[in-house]
Amino acid sequence: MRERMERILFTEETIQRRVKDIGKVISSDYQTAGAAKDIECRPLIAVCILQGAMMFMADLMRAIEIPVEYDFMSISSYGSSTSPGAVRLLQDLSHSITGRDVLIVEDIVDTGFTANYIKRGLLARNPASFRICTLLDKPFRREETIEMDYVGFFLEEDLFVVGYGMDYAGVYRNLSYIALLKPEYK
Ligand code: PRP
């Protein structure tokens, strides 16, 4: 598939190095927070937002050095000019998050509609804490404000990227790097 790519933005090595760094920071942050509570903490719940975050989730979980449980959520966006930012829940969590530390794992945050929809829905279930980790962030595309707690890389240009979980028409998610598709393949 390499010949279909115009340019590689983040190589496998760059991604892996950054994921390990984020994993260390997350481990340290939650360890400190747990100690401060001075109670027997239940493990962090990491929530993978399907499908794009699957690769990032798998690597990030191996880079986290504290006990962690997983869960999965699937969200679909069907926004249009009449209902911009409309998103719908396709698959909900399997576990209760009430009183738990929740970390959302996203591949990319763009307009912020999806992340805000998730945040609103999950805060209503009264977690002990709620944070969001995204591999890529396009802050200049934001239409709804939302704070990211952990960001892998910022994209300052409006580039359509594929690979490492991200797709074009459902394909290219299995690339181990993040790249730009050649126009003739779009
Ligand atoms: C992508 C990404 C986020 C969302 C971000 O999902 O995984 O969930 O878009 O966009 P936003 O900030 O503009 O809401 P997508 O709808 O492409 O589905 P996928 O993860 O299944 O590829």
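Buried means under 20% relative accessible area, exposed over 50%, and partly exposed in between, with a 1.4 Å probe and protein chains only. The model is predicted: local features need pLDDT of at least 70, side-chain atom pairs count only at pLDDT 80 or more, and totals for chains, interfaces and linings use all residues. Residues are numbered from 1 along each chain as its sequence is written, and side-chain values use heavy atoms, with hydrogens and water left out.

**View 1. Salt bridge between Asp137 and Arg142.** The closest N and O atoms of Asp137 and Arg142 lie 2.9 Å apart. A salt bridge here is a side-chain nitrogen of Lys or Arg within 4 Å of a carboxyl oxygen of Asp or Glu. Asp137 has a relative accessibility of 3% and counts as buried.

**View 2. Salt bridge between Asp29 and Arg131.** In this pair the closest N and O atoms are 3.8 Å apart. Distant parts of the chain are linked: Asp29 belongs to helix α1 (residues 12–37) and Arg131 to strand β6 (residues 129–137), 102 residues apart. Helices (H or I, at least four residues) and strands (E, at least two) are DSSP runs numbered from the N terminus. Asp29 is partly exposed at 29% relative accessible area, and Arg131 is partly exposed at 25%.

**View 3. Salt bridge between Asp167 and Arg173.** The N to O distance between these side chains is 3.5 Å. Asp167 is partly exposed, its relative accessible area being 26%.

**View 4. Network of Asp110, Lys138, Arg141 and Asp158.** Salt bridges with shared partners join these residues into one network. Across the whole structure, the search finds nine salt bridges.
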